[in-house]
Amino acid sequence: MTSVAERETATTPTPGRVSHWIGGQLVAGTSGREGPIYDPATGAITRYVDFASVAELGAAVAEATSAYPAWRATSLSKRTDIMFRIRNLVEQHRHELAAHLTAEHGKVPSDALGEIARGLENLEFACGIPNLIKGGFSEQVSTGVDVYQIRQPLGVVAGITPFNFPAMVPMWMFATAIATGNTFILKPSEKDPSAANFMAELLREAGVPAGVFNVVHGDKVAVDAILAHQGIAAVSFVGSTPIARYIYETGTKAGKRVQALGGAKNHMIVLPDADIEMAADAAISAGYGSAGERCMAIATIVAVGDVADPLVEAIKARLPRVKVGPGSDPSSEMGPLVTKQHRDKVASYLDSSAAQGATVVADGRELPLYKDSDGFFLGVSLIDHVTTEMDAYRDEIFGPVLTVVRVATYDEAVTLINDNPYGNGTAIFTRDGGAARQFQFEVNAGMVGINVPIPVPVAYYSFGGWKNSLFGDLHMYGPEGIQFYTRAKIVTSRWPDPGTSRIDLGFPRTR
Ligand code: NAD
């Protein structure tokens, strides 16, 4: 394990390089391993990120462990004050933070600012920590005896986050984790790691003591070290389903509390009575926003009955209006995909769908930027007459590809969703309140929208899917986040009272 003294002799972090943030400062990587960071809009490598070794993760745990006693003893009012400062600093510096997201993820500035705004909600929620962490109190459960519950932090906790929300998903986790008195280690995606370090600097400026918030960059080596380290009490994960399952199984086997959110295949049912223009607008926004790289993106439109033809026409008519381009162009509404490899995988579904009998209504490879640019661009694609056996239905595509499955009845539509192995978000578009109510009652998914295509819960509810979209018992942030990052202690208390004191060797009963 690298000690602080050893670290002082390590190479100073190189400008233009993304190093770890341990013990309140940048710490150059010593493992000799690194990864490239691309600007997805140009295809160029812009920086490199250090990949941590097991020892470097150990150094972060050591710092977080030594910071824990003082942090958990810090009064609620002081912690609240710091949470307010973090919230204000992130808000003040949102344009710089957004610039990191555009530079490394590729999302356009309006989308990046939207991501930050949703993350800010979690910081605002955490400012209410004195109220949120209150336990219960039962007076006089027995004569002279009171019982109360307190919620205490777990210790050192870790968060492992995906590429698609480099600012918001870390905020989902660390806002609640540190407000409840834990110390935190973040392992961000290696594809867009700079936002994490930028937030670390803001936290330091806000008065978060050294070691309370740490960032360890890297790949599977760092993740496996987190899962194995006995000094880490809990792990929050957001990413793809195979890795989420692995994190859950490995982390719980090592005795940790784990919440692991996985991938998604979100369906949007459109009933024949729906407002078609509204449904088409929603499909475009939810299917192509952030280039479809959202776990709550609509992937599949389930068109019921005779709504299919006019709906597909209405969506098709809107496609030429979606402006695809780099985030540096203020008129761009959709940016590139995160890597060339991912872009090409997404594009491959256009060929497989056609080969498997679907109708490609719009092919994103016809976008001039697809061929003329070194950036990882792909235009918007629409595939109709998709069936449940096709790869484009079965896989999470995670790109700007909307698929349309046609069914005859509402019952068929619900069965389709309930049979799908994922259960993150889903939506129904209808004017029929009874149908919507029946849908919310019987659909097997964790987050439901009624004429709302991306029903990401506000920060005072919790976020989480069902089935293969979440492994664990507790959803993320909000009230379930408070539960996840704390454990209950129940105190039964009696004060010396000569009036009630007597010897009784029987099992304690209420009296
Ligand atoms: P990913 O699973 O590839 O990576 C997520 C994290 O796991 C990263 O930090 C990565 O470094 C690490 N990782 C990757 N491979 C690993 C391995 N073999 N062993 C250990 N760690 C590993 O996911 P991604 O591509 O970064 O993100 C996109 C995925 O995340 C999509 O499937 C999307 O649906 C999902 N996602 C889900 C939610 C949700 O709330 N359910 C939210 C956002 C993204």
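**Second pocket.** I began with the lining of the second largest pocket, whose residues divide into 5 nonpolar, 4 polar and 6 charged (Ala, Val, Leu, Ile, Met, Phe, Trp, Tyr, Cys and Pro count as nonpolar, Asp, Glu, Lys and Arg as charged, and the others, Gly among them, as polar). A pocket here is an open set of points on a 1 Å grid over the protein atoms alone where a 1.4 Å probe fits, with protein on both sides within 12 Å along at least five of seven lines; lining residues have an atom within 4 Å of a point.

This is a predicted model: local features need pLDDT of at least 70, side-chain atom pairs count only at pLDDT 80 or more, and totals for chains, interfaces and linings use all residues. Residues are numbered from 1 along each chain as its sequence is written, and side-chain values use heavy atoms, with hydrogens and water left out.

I noted 15 lining residues for this second pocket, with Ile 284, Ser 285, Gly 289, Val 322 and Glu 333 nearest its centre. Helix H11 (276-288) gives the most to this lining, with 4 residues (helices are DSSP runs of H or I, at least four residues, numbered from the N terminus).

**Asp 111.** Next I looked up Asp 111, found in helix H5 (residues 109-126). Asp 111 counts as buried because its relative accessibility is 13% (buried means under 20% relative accessible area, 1.4 Å probe, protein chains only). Leaving out residues up to four places away in sequence, I found Asp 111 touching Ser 290 and Arg 294 (contact means heavy atoms within 4.5 Å).

**Largest pocket.** Last, I turned to the largest pocket, lined by 40 residues. Its lining residues divide into 20 nonpolar, 11 polar and 9 charged.

Methods: Helices (H or I, at least four residues) and strands (E, at least two) are DSSP runs, numbered from the N terminus. Buried means under 20% relative accessible area, exposed over 50%, partly exposed in between (1.4 Å probe, protein chains only).
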